[in-house]
Amino acid sequence: MLPDFSDYNWVIPDFVWELSEQIDLDKLTKALPEMEEIAKLLPDFDKIGENFSFLKSLLSSGVSLGSEVKGASGLHLLLETTGDPPLKATDSAAAASHDASDKQYKKGLLGELILIQQQIQQHEEEVRRAAAARIAHPPPPEPAPSPPPNPSPPLQKRKSSDKEKVDQLQEELLRTQLKYQRMLERLEKENKELRKVVLQKDDKGIHQRKVKKSLIDLYSEVLDILSDYDANYNTQDHLPRVVVVGDQSAGKTSVLEMIAQARIFPRGSGEMMTRSPVKVTLSEGPHHVAMFKDSGREFDLNKEEDLAALRHEIELRMRKSVKEGQTVSCETISLSVKGPGIQRMVLVDLPGVISTVTAGMASDTKETIFSISKAYMQNPNAIILCIQDGSVDAERSIVTDLVSQMDPQGKRTIFVLTKVDLAEKNLASPSRIQQIVEGKLFPMKALGYFAVVTGKGSPGESIDAIKDYEEDFFQNSRLLRDGMLKAHQVTTKNLSLAVSDCFWKMVRESVEQQADVFKASRFNLETEWKNNYPRLRELDRNELFEKAKNEILDEVISLSQVTPQHWESILQKKLWERVSTHVIENIYLPAAQTADSGTFNTTVDIKLKQWTDKQLPHKALEVAWETLQEEFARFMAEYRGKDQDDIFDKLKEAVKDESIKRHKWNERAMDSLRVIQHNALEDRSITDKPQWDAAIYFMEDTLNSRLKDTESVVRDMVGPDWKERWLSWKNRTPEQHIRNETKNELERLLKLHDDHTAYLANDEVTTVRKNLEGRSVEVDPVLIKDTWHQLYRRHFLQKALSHCNLCKRGFYYYQRHFVDSELECNDVVLFWRIQRMLVITANTLRQQLTNTEVRRLEKNVKEVLDDFGEDMEKKTQLITGRRVQLAEDLKKVREIQEKLEAFIEALHKEK
């Protein structure tokens with residue numbers, strides 16, 4: 001489309017003539033498809049390498065390589081692209097004009113271009129002189145009262161002649177400008193193809209150049225780091241980027257796609273598609289490709305299947321970033337797009353501003369979008385690309401008020417009116433569009449105003465089709481023909497040039513200041529570290545995690561060094577604590593109530609068999625699993641106590657809990673364990689006196705422990721005795737008094753019937769109750785039975801201990817099977833069987849622990865550590881504290897400063 005030449009100076013690069021002599025551009029253009037021919041035509045790049053910067057400037061480098069030549073209108077035409085701010089010409093305008101006029105025009109496209117430039121200058125000068133002549137000789141004023149006389153034929157003819165001449169000159173100027181524009185587009189297209197070939201050769205290593213990151217890639221890396229940086233130290237990110245804001249469905253994404261020259265974003269009809277900020281880094285490259293920051297896959301933007309996959313991936317990432325119950329997210333998706341002729345800049349596409357929360361949206365969606373938009377726009381160096389839908393009433397716009405608040409003076413705002421084709425068609429007064437692009441309709445101010453068309457609304461339109469439609473529309477639009485819009489204010493191409501130019505201007509003005517800010521932040525952080533942690537290394541969260549990981553693995557390995565004796569001792573003790581109540585209450589006491597030894601043994605065998613089949617193996621595995629956990633925790637606690645860093649405590653506890661949670665005991669060992677336990681309990685043979693004595697000791701210790709517990713229960717039931725009441729000033733409660741009276745009565749009954757059974761008969765309960773009532777003690781039968789249970793239990797355990805003492809000398813009778821002996825020690829044999837089962841079970845469990853479970857636990861710990869290592873959120877929760885955050889801030893600030901310094905160095909070199 002035609003640019004507005006009133007805003008440009010004519011620039012003729014000094015080396016154009018040398019380049020025209022050395023390279024036949026017409027022939028080179030025809031030879032482009034053949035790589036070998038291009039290689040033959042290309043001159044020695046070491047010799048004329050500087051001249052190739054001209055090609056770079058035509059594509060998108062934005063570096064002005066020539067001196068200025070002022071035309072008759074005094075306008076600037078920049079033979080450059082504006083990806084970066086142009087450098088100032090060193091030659092004066094007069095000297096450049098003199099040098100240009102002295103050079104002979106060369107043949108070919110470049111020569112034609114210069115000739116057209118001269119023609120345009122001449123036409124502009126003639127138009128200006130004709131207009132000046134008309135102003136210098138205006139017609140004389142006429143008296144008001146009298147009717148206006150008819151002008152004389154010579155004067156009318158002269159005025160008509162001047163007007164025709166001006167119109168004719170303007171038409172010639174327009175035709176010349178059109179021809180010039182087409183010539184420029186042709187030259188730009190040819191050099192774009194040539195630049196693509198040169199970049200492809202560089203990729204293949206033809207020139208053996210050292211591969212370096214581009215300037216925009218260096219800058220984008222800094223922004224990526226800043227987006228991930230949790231600025232707890234109040235370090236603000238004021239680096240420039242282009243922030244794209246607008247009302248929902250205003251065409252923000254379409255404008256960005258036109259700048260990126262690819263349909264890369266998901267599309268929807270009226271629904272919200274941009275759900276999180278998308279940072280797009282645009283740069284030049286030989287191939288039109290896109291890539292995510294955290295992925296190595298390249299999407300070929302010339303292939304429709306890759307475009308569809310890219311759009312799908314962007315949509316998935318957006319939905320993944322949105323937390324449950326929310327509609328939008330502040331998490332940034334980082335994407336880079338490269339291609340021939342793309343203007344270099346960094347844009348951030350934000351969710352569209354809405355006026356009403358609709359069904360399916362979170363209630364705070366409107367406020368969240370406003371908050372995200374303000375967070376990006378409040379950066380004083382951010383360029384605000386304000387997108388306004390031209391097809392709807394301007395009064396319905398929300399975003400213009402928001403932009404006015406963030407940039408009242410409009411010093412960093414560029415206003416874009418989209419869907420101008422629909423606006424021209426629907427509006428009754430096209431001058432309203434002129435008011436908008438002149439900044440007279442909205443209260444907001446802006447650096448520049450642009451009008452664009454981004455297609456007919458069909459999602460299947462290609463970028464090239466949209467460009468052609470946009471060009472055709474503006475060429476035929478009366479908005480441009482009638483002067484309502486200026487040529488430089490239309491098309492997305494001119495918009496991208498202007499935005500890129502503004503972006504790089506802002507970068508050059510602010511980047512060194514921002515580098516100084518991070519340098520000062522680094523100094524403050526380093527000073528705080530030296531004052532608070534002078535003897536510690538600066539380990540960030542990842543480094544601390546690796547250190548803790550090694551410590552935890554060392555602690556797990558320590559489990560394999562536990563001695564077999566220690567394992568068996570712990571297992572045997574814990575297993576007996578777990579099953580002793582069942583053995584005493586459900587096996588020994590019921591069997592002891594029988595009349596003879598045969599019935600005793602039969603009862604014991606039946607109950608042991610039932611116990612082994614149903615409960616014992618499960619209890620044993622539970623004990624083994626608990627023992628493994630306790631030993632693991634013990635080793636971690638002991639290791640922690642050896643002058644270790646307490647910063648790892650939360651992490652170690654979480655690893656221990658998660659490892660135990662994931663550990664599944666090998667249940668297949670239960671069946672074999674059941675058989676082993678059953679065989680051990682069936683064995684009644686005691687081979688020697690030490691084994692008999694061990695069984696006696698085990699039984700005696702168990703009964704003493706039970707007797708002590710029972711006496712404690714009885715003491716709590718009846719309250720303090722007379723000594724405690726006198727010496728400690730304690731009293732019995734009314735219930736304890738009743739219990740004490742009941743106990744005394746029941747003890748008299750036991751003295752009378754030493755071989756009494758375990759249960760009271762009903763008539764005995766009645767007798768006890770009557771006796772207590774005679775002493776004015778009202779008692780419930782349930783209380784009598786409950787008190788009897790504890791008293792009889794104490795009585796039975798005392799008798800059992802006395803019998804156990806007699807059996808100490810009973811091994812001789814046992815060997816003779818208690819023949820011709822009144823002493824029977826079947827209860828000792830029972831405890832021997834239980835003790836032997838405990839020893840064999842502990843040995844079996846120890847083998848399973850050391851041979852299988854410890855290794856499996858170690859494997860689980862490694863898996864948990866690997867999972868935690870990949871989960872940054874988990875590490876942030878478990879490794880906390882000011883020391884960690886300070887080290888993290890130091891690492892990030894250093895990295896940002898180093899990246900900024902590398903970028904500034906590359907920026908200075910490009911100058």
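A residue counts as buried under 20% relative accessible area, exposed over 50%, and partly exposed in between (1.4 Å probe, protein chains only). Keep that in mind on this tour of a predicted model, where local features need pLDDT of at least 70, side-chain atom pairs count only at pLDDT 80 or more, and totals for chains, interfaces and linings use all residues. Residues are numbered from 1 along each chain as its sequence is written, and side-chain values use heavy atoms, with hydrogens and water left out.

**First stop: serine 249.** Select serine 249, in the loop between strand E4 (242–246) and helix H10 (252–260); helices (H or I, at least four residues) and strands (E, at least two) are DSSP runs, numbered from the N terminus. Its relative accessibility is 41%, so serine 249 counts as partly exposed. Its phi is near 65°, a positive value in a residue other than glycine.

**Next stop: helices H20 and H21.** Now select residues 564–592 for H20 and 597–614 for H21: the two pack at an angle of about 150°, with their axes 8 Å apart. Axes are lines fitted to C-alpha atoms, for helices over the stretch in contact, and angles run from 0 to 180 degrees between N-to-C directions. H20 is therefore roughly antiparallel to H21 (the term is for angles over 145 degrees).

Show side chains where the helices meet (heavy atoms within 4.5 Å): among them are Val583 and Ile587 in H20, and Phe600 and Trp611 in H21.

**Last stop: serine 776.** Move to the loop between helix H28 (762–774) and helix H29 (781–806), where serine 776 lies. With 68% relative accessibility, serine 776 counts as exposed. Phi here is near 65°, a positive value in a residue other than glycine.

Key. Parallel < 35°, antiparallel > 145°, perpendicular 65-115°, else oblique.
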